[in-house]
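Please look over the sequence and the structure shown here before reading on.

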Amino acid sequence: MSPDQHQQQYPQHPQQPPTPPAGAVRLDHTVVHATDRQVSAEFLAEVLGLAVGAPLGPFLPVGLGNGVTLDYYQQRDEPIQSQHYAFLVPDHAFDAMIGRLESLRVTYYANPDHTGPGRVNHLFGGRGAYFADPDGHNMEIITRTYARP
């Protein structure tokens, strides 16, 4: 793809956040492989109470509250390799997310190996739960970040 074709396919958005300060590094986006990008993006957006953005080339973005996007990419020719995605969510929103999982009839678990169905954990003074998305990605919602040395 030539630079002109790239610019046409991926135009710059005037509301883009500024670049990070010198020496700072932050995650901007990551690709989430899915057998059906629309189904998977809508699923996660519904659970988290977010919106699916407009397609950008082959990607369908779900914007998170910190400027990072999950760019869903449809992959039909190979099996999807399960990945883990953890979302730090406000404590006041956690119960609503669990309620949306229950409404969707999606089982959530207290542990990453999917034991303790229908239960949440209470690690680090918060609450957390794991659930699978339509392609088997291991999703996690937590209200407190994990303590790191």
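The paragraphs below go from a sheet to its helices and then to a group of charged side chains.

This is a predicted model, in which local features need pLDDT of at least 70 and side-chain atom pairs count only at pLDDT 80 or more, while totals for chains, interfaces and linings use all residues. Residues are numbered from 1 along each chain as its sequence is written, and side-chain values use heavy atoms, with hydrogens and water left out.

Four strands form an open sheet in the order β4-β7-β6-β5, with mixed pairing (strands are DSSP runs of E with at least two residues, helices runs of H or I with at least four, numbered from the N terminus; two strands pair if DSSP finds at least two bridges between them). At the edges, pairing on one side only, are β4 (84–88) and β5 (108–109). β5 pairs with β6 (residues 128–132) in the antiparallel sense over two bridges, and Tyr 108 stands opposite Phe 131 in β6.

Helix α2 (residues 37–48) lies across β4, β6 and β7 (138–142) and runs at about 160 degrees to β6, whereas helix α3 (residues 91–103) lies across β5, β6 and β7, at about 30 degrees to β6; axes are lines fitted to C-alpha atoms, for helices over the stretch in contact (heavy atoms within 4.5 Å), and angles run from 0 to 180 degrees between N-to-C directions.

The whole structure holds two salt bridges (a side-chain nitrogen of Lys or Arg within 4 Å of a carboxyl oxygen of Asp or Glu). Arg 127 forms one with Asp 91, the closest N and O atoms being 3.5 Å apart, and another with Asp 95, at 2.6 Å from N to O. Because Arg 127 lies in the loop between β5 and β6 and Asp 95 in helix α3, this second pair ties together parts 32 residues apart in sequence.
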